[in-house]
Amino acid sequence: MEKLAEFVKQKRKQAQLTREDLASRAGVALTVIRKIEQDKGNLNLEKVNQVLRMFGHELAPVNSKDLNLLSMPERP
């Protein structure tokens, strides 16, 4: 799976946008774009989604119950 940082950077460059342009169009601070592209932790999901929506994508929160269901083997 592609990392969020790589995905956003690649999409931004394909759209020929600077970090400043992307931040302005997405309605977030430039620091948000920098944090995403530099793979920094402690990101606000809503801010990340504001950026991802520019490229037709969105992240959804996942709870531990859902993760456990995905990793459990099927029973006969």
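These legends describe close-up views of a predicted model.

**View 1. Confidence along the protein chain of the predicted model.** The mean pLDDT of the protein chain is 85, and 78% of its residues reach 70 or more. Among the elements of the chain, H2 has the highest mean pLDDT, at 97. The lowest mean pLDDT, 56, belongs to helix H5, residues 64-71.

**View 2. The salt bridge between Glu-37 and Arg-12.** A search of the whole structure finds five salt bridges, and this pair is one of them. The closest N and O atoms of Glu-37 and Arg-12 are 2.6 Å apart. The pair links distant parts of the chain, with Glu-37 in helix H3 (residues 30-37) and Arg-12 in helix H1 (residues 4-14), 25 residues apart. Both Glu-37 and Arg-12 are buried.

**View 3. The salt bridge between Arg-19 and Glu-37.** The two side chains meet with an N to O distance of 2.8 Å. Arg-19, with a relative accessible area of 22%, is partly exposed.

**View 4. The salt bridge between Glu-58 and Arg-53.** The closest N and O atoms of this pair are 2.9 Å apart. Glu-58 has a relative accessibility of 52% and counts as exposed because the value is over the 50% cut-off. Arg-53 is partly exposed, with a relative accessible area of 39%.

**View 5. The buried residues of helix H4, residues 45-53.** Val-48, Asn-49, Val-51 and Leu-52 are the buried residues of this helix. Seen down the axis of H4, they fall within an arc of 160°, so they line one face of the helix. In an α-helix, with 3.6 residues a turn, residues three or four places apart point the same way. The buried residues of H4 pack against H1, H2 and H3.

**View 6. The N-terminal end of H4, capped by Asn-44.** A side-chain oxygen of Asn-44 lies 2.8 Å from the backbone nitrogen of Glu-46.

Methods: Residues numbered from 1 in each chain as written. Predicted model: local features only at pLDDT ≥ 70, side-chain atom pairs only at ≥ 80, totals over all residues. Heavy atoms only, no water. Salt bridge = Lys/Arg side-chain N within 4 Å of Asp/Glu carboxyl O. Helix = DSSP H or I, 4+ residues; strand = E, 2+ residues; numbered from the N terminus. Buried < 20%, exposed > 50% of the residue type's maximum accessible area, 1.4 Å probe, protein only. pLDDT = per-residue confidence, 0-100. Arc of directions from axis to C-beta. Contact = heavy atoms within 4.5 Å. Polar contact = N/O pair within 3.5 Å; in protein donor to acceptor, adjacent residues only side chain to side chain.
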